[in-house]
Amino acid sequence: MYLIILVPKKKAAWEKIIYGFNTKWNFPQCVGAIDGKHILIKCPKHSGSLYYNYKNQFSIVLLALVDDNYNFTCIDIGSYGSASDGGIFGKSALNTAIVQNQLDLPENSVILGDEAFPLKEYLMKPFHRRTNQSIKECVYNYRHCRARRISENAFGILTNRFRIFSRPIDLEPNKVVKIVKACCALHNWIRITNKSNYGITTDYEDIENSTINLGSWREDPAPGGLMNLTPIREKNFNNNARLKRTQFANYFMGEGEVEWQYRMVNIQVV
């Protein structure tokens with residue numbers, strides 16, 4: 001079962017994911033969407049404040065990279081809940097593997113994350129949302145969200161299917177880690193072998209009517225055993241990372257434009 005979550009380590013495997021993100025979700029050079037959650041647990045014995053998080057609860061952290069078909073390609077589970085949310089990705093095995101060039105990623109490929117992740121040359125995040133946002137920034141954020149939402153939906157399917165995440169898990173952290181890994185592996189196995197979500201639908205864009213039909217997993221109350229990572233406030237962005245995001249934004253306004261993008265962000269272009 002452990003082979004169901006196997007990080008691609010050859011360019012050909014990554015190129016297949018890139019093709020999927022480009023053709024299905026209209027974002028080029030993307031090797032995955034990343035998301036993270038605090039997995040709530042009961043206070044472990046003799047742990048002090050190691051697992052005590054910003055919401056005054058106890059947790060370990062799950063980071064997951066998701067491919068174009070809602071499958072987990074990499075998970076990093078076990079960081080202490082007390083760790084700074086902004087620093088968790090930087091210390092993760094995935095980030096280390098990328099920085100040390102261990103994954104044979106195609107040149108100029110990127111991961112998509114939300115505001116909880118840092119902007120880097122290999123990790124794109126949205127432009128800061130503000131009232132006077134430019135058309136280009138609005139379009140980029142829409143295109144980014146359209147592709148990044150894959151990870152959000154993968155987590156939604158996972159928690160809807162495995163009800164153990166509905167409340168804090170009353171087990172020792174090492175056992176919680178094993179359970180989370182097993183759930184992620186089973187999620188992949190079910191999708192790969194059955195091509196079905198068993199009635200759990202994902203978000204669907206109706207581009208003709210400029211609406212987003214929310215997945216059925218969103219109808220359930222938010223799982224009481226998970227918490228989102230907190231957005232991080234970056235003041236000193238890497239200039240090369242900012243340039244790369246701007247290049248994507250320019251591409252979406254030019255060669256990579258799709259005709260419905262302005263309707264989806266309610267912008268009239270003349």
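A salt bridge is taken here as a side-chain nitrogen of Lys or Arg within 4 Å of a carboxyl oxygen of Asp or Glu. The model is predicted, so that local features need pLDDT of at least 70 and side-chain atom pairs count only at pLDDT 80 or more, while totals for chains, interfaces and linings use all residues. Residues are numbered from 1 along each chain as its sequence is written, and side-chain values use heavy atoms, with hydrogens and water left out.

**Exercise 1. Follow the salt bridges that involve Asp203 and Arg149, and state which parts of the chain they tie together.**

Solution. Helices (H or I, at least four residues) and strands (E, at least two) are DSSP runs, numbered from the N terminus.

Step 1. The structure holds eleven salt bridges, and in one of them the side chains of Asp203 and Arg149 meet with an N to O distance of 3.7 Å. Asp203 sits in the loop between α5 (173-194) and β6 (204-206) whereas Arg149 belongs to helix α4, so this pair ties together parts that are 54 residues apart in sequence.

Step 2. The side chain of Arg149 also meets that of Glu205 in a salt bridge, at 3.1 Å from N to O. Because Arg149 lies in helix α4 and Glu205 in strand β6, the pair ties together parts that are 56 residues apart in sequence.

Step 3. Asp203 forms a salt bridge with Arg218 as well, the closest N and O atoms being 2.7 Å apart. Arg218 is in the loop between β7 (211-213) and β8 (226-228), so its pairing with Asp203, in the loop between α5 and β6, ties together parts that are 15 residues apart in sequence.

Step 4. Through shared partners, salt bridges join Arg146, Arg148, Arg149, Glu152, Asp203, Glu205 and Arg218 into one network.

Step 5. For the surroundings, buried means under 20% relative accessible area, exposed over 50%, and partly exposed in between (1.4 Å probe, protein chains only). Asp203 is buried at a relative accessible area of 9%, Arg149 is buried at 10%, and Arg218 is partly exposed at 28%. Glu205, like Arg149, is buried.

**Exercise 2. Describe the surroundings of Lys125: is this residue buried or exposed, and which residues does it contact?**

Solution. Step 1. Lys125 is found in the loop between β5 (123-124) and α4 (135-161), and with a relative accessible area of 5% this lysine is buried.

Step 1. A polar atom of the Lys125 side chain lies 2.9 Å from the backbone oxygen of Phe117.

Step 2. With contact meaning heavy atoms within 4.5 Å, and leaving aside neighbours within four places in sequence, Lys125 is in contact with residues including Asp114, Glu115, Tyr140, His144, Glu234 and Arg245.

**Exercise 3. Work out which strands pair with β1, and in what sense each pair runs.**

Solution. Step 1. Two strands pair if DSSP finds at least two bridges between them.

Step 1. Strand β1 (residues 30-41) and strand β4 (residues 110-112) run parallel and are joined by three bridges, with Cys30 standing opposite Val110 in β4.

Step 2. With strand β2 (residues 58-66), β1 pairs in the antiparallel sense over nine bridges; here the bridge partner of Ala33 is Val66.

Step 3. Three bridges join β1 to β8, and these strands run antiparallel, Ile39 standing opposite Leu226 in β8.

Step 4. As for covering, twelve of the twelve residues of β1 are buried.

**Exercise 4. Locate Gln29 and Tyr70, which have positive phi values, and state how accessible each one is.**

Solution. Step 1. Most residues other than glycine have a negative phi.

Step 1. Gln29, in the loop between α1 (11-25) and β1, has a phi near 60° and is partly exposed at 29% relative accessibility.

Step 2. Tyr70, in the loop between β2 and β3, has a phi near 70° and is buried, with a relative accessible area of 8%.

Terms used. A polar contact is a pair of N or O atoms within 3.5 Å; within protein, one must be able to donate a hydrogen and the other to accept it, and residues adjacent in sequence count only if both atoms are side-chain atoms.
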